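Dear colleague,

My notes on what was found in it follow directly after.

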Amino acid sequence: MLSQILFSLFLLAGSYFFASKVREISRNIKLGRDLQINDRPADRWKVMARVALGQSKMTSRPVAAFFHLLIYVGFVIINIEVMEIIIDGIFGTHRILSFMGGFYDFLIASFEILAVGVLLACVVFLSRRNLLKLKRFWMREMTSWPRTDANLILITEIFLMSAFLIMNATDSILQSRGADHYVLAGAFPVSSLLVPLFNEMSNDGLMALERFCWWFHIIGILAFLNYVPYSKHFHILLAFPNTWYSKLEPKGSFTNMESVTNEVKMMMDPSIVPPPVAPGASPPRFGAKDVKDLSWKQLMDAYSCTECGRCTSVCPANITGKLLSPRKIMMDTRDRLEELGNGINKNGPDYEDGKSLLNDYITPEELWACTSCNACVEACPVLIDPLSIIIDMRRFMVMEQSAAPAELNGMFTKIENNGAPWQFSPADRMNWTES
Amino acid sequence: MDNFKVRTMADMMAAGEKPDILFWVGCAGSFDDRAKKVTKAVARILHHAGISFAVLGTEESCTGDPAKRAGNEFLFQMQAMNNIMVLNGYEVTKIVTACPHCFNTLKNEYPQLGGHYEVIHHSQLLQDLLDTGKIKVEGGTFKGKKITFHDPCYLGRANDVYEAPRRVIMRLDSLMVEMKRSKSNGLCCGAGGAQMFKEPEPGNKDINMERTEEALALTPDAIAVACPFCMTMLSDGVKLHNKETEVKVKDIAELIAEAIDL
């Protein structure tokens, strides 16, 4: 009974803290500009099914895709096992789902095979990061925390899977000895290989080890659950909404700024009456200086990023040694949003710290190096759009600060005066027909 | 031009006529000496295929693409609204252009401002003309020659047009070789996003050199392009490697025009 109460308390506390952090992240995302995204729902479900559920974007790197798939399927399926553990924990039962008989055997066997798959994948991923030192995991923006975060995730998963397999091995021995409480259930194709390690132990010793692994497994899962929202690993949840809300228009289609459309229309036709402005309201900023100027979708992008670096490794600017890294744009956006969110937690919703995403995190040099080629957008496995943030920040620099590089200002002037970005007279537009 | 006159929309309207398609030449196509050759090739092909077309001539103005990518939404929308006024004034319904930047802007960004047209890139037009037999290519200069194609970002990734230019090149009976970074994985020439108009940020090398080296590694006879910006960037890259006599940088329209002796 004591263990049931203890378990329920752990479960409640774990769920409560997780829910609070998720609420906080949701509030942070809503600090962004409002944006309506609900058109073409059928297409949106299809994109989500294909990209998030079906992992279609992962396949461009087959080795990573295979091992990632092991972890992904393992994670999804193992939740059935977690459900059983939770019911057993609350009601003091043991292997409550075993009434399913042959199907239960099949389930347990597949969990075990997947657990080994996950273990293997984590070992491969750890070696790839730390022994092979794959370039994209050791770039400038991959400072100590992003690297530690990745390693913590992988090591935790290894421990959790090991505990699961040892739990099954000891359980199966206790079952075969007909120990009280240990019903005969499950098939153990993997953990049976571990049986010789524990076969010499007494029933009491086995029970202690089985219970230890059981508790370690579930408390580990609850702790991991609470670690996830603080980590890049949050992509496991946000990948789904993020793909649902992703851009359906062609990648070359940039957002139309309606606030600008109104102003341009008024400039071209003075008879148009400007829309009324609420007294005391400051005009909206053109483009983005800080995270609040970005849309909530762009902020959700930042929380969906798992820092895999596929965007940066295909970025032509980054490949040729320039400062721009699309991954860093996403990491900076998240870091800045977290900083602002923490300030709001402490000081209330109107908190301002005088800092901004532009300059304090992202430099103009990074932003001006972008060729808007969309390689980063194409590469992202969860349909993050770093380019839209880059363009919004350029818009702020150009339209609010008049801070474009001098050559670009020259280009603007030529378009205004001659209708071409080069210094040619519009009268010469037909010259090509003559020579 | 040599044996025919390129007509403007204004000419046509004055004569009470309407062309089937507007040829949007673009700033590079109008003013850049190298790109002008591509413009002529497109016009010759259109004429040869018997398509009724016209240009805007002096009434054409920058679509605003470089302004928009650089963040100057005001300038972009001024350009767009003025161009839309001209296009709608002539009741234009179909546009072809040899510039992927104009193509993308006209196709994807003008509708929100009231400009609704069927916009195609010249690679799509060429493919259609070849598929329907309106132009016929038999080998020609490029028969058996090794050609690689550089995907323009604003045609490929931005609008998912990958096959049309390749189908056109295949018609030359040439040996098509792909670079490792091609199609959706293609590498930018370095000129998009208004980079054409400024010096690159400091780095280890320029993007067009990286791309040219990748193309030259295949030892092609020609690098085919389908964008005036890519043309400039890759021609510069080939020149800097002193390979301009061995490796030609050609637009797909030039390849077809040469193959049918236009």
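This is a predicted model: local features need pLDDT of at least 70, side-chain atom pairs count only at pLDDT 80 or more; totals for chains, interfaces and linings use all residues.

Turning to the interface, the contact takes 59 residues from chain A and 73 residues from chain B. Between them the two chains, A and B, bury about 5,500 Å², and 67% of that area is on carbon and sulfur atoms. On the side of chain B, the residues that lose the most area to chain A are B:Phe31, B:Phe74 and B:Phe197, which together account for 14% of what that side buries.

As for polar interactions, the rule finds 28 residue pairs in polar contact across the interface of chain B and chain A, with both residues at pLDDT 80 or more. The elements of chain B that give two or more residues to the side touching chain A are helix 2 (27-31), helix 3 (33-48), helix 4 (65-69), helix 5 (73-89), helix 6 (100-109) and helix 9 (207-216). Helix 5 of chain B gives the most to that side, with nine residues, and the residues of the side as a whole divide into 32 nonpolar, 25 polar and 16 charged.

Two salt bridges are found across the interface of chain B and chain A, and in a salt bridge of 3.2 Å, N to O, the side chains of A:Arg429 and B:Glu60 meet.

Over all chains, the count by this rule comes to 43 salt bridges. Within chain B, B:Glu178 forms a salt bridge with B:Arg166, and the closest N and O atoms of the pair are 2.6 Å apart. Because B:Glu178 lies in the loop between strand 6 (175-177) and helix 9 of chain B, while B:Arg166 lies in helix 8 (residues 163-170) of chain B, this pair ties together parts that are twelve residues apart in sequence.

With best wishes

Technical notes. Residues are numbered from 1 along each chain as its sequence is written. Chains are lettered from A and ligands numbered from 1 in the order in which they are written. Side-chain values use heavy atoms; hydrogens and water are left out. Contact means heavy atoms within 4.5 Å. Buried area is the accessible area (1.4 Å probe) that two parts lose on being put together, summed over both. A salt bridge is a side-chain nitrogen of Lys or Arg within 4 Å of a carboxyl oxygen of Asp or Glu. A polar contact is a pair of N or O atoms within 3.5 Å; within protein, one must be able to donate a hydrogen and the other to accept it, and residues adjacent in sequence count only if both atoms are side-chain atoms. Helices (H or I, at least four residues) and strands (E, at least two) are DSSP runs, numbered from the N terminus. Ala, Val, Leu, Ile, Met, Phe, Trp, Tyr, Cys and Pro count as nonpolar, Asp, Glu, Lys and Arg as charged, and the others, Gly among them, as polar.
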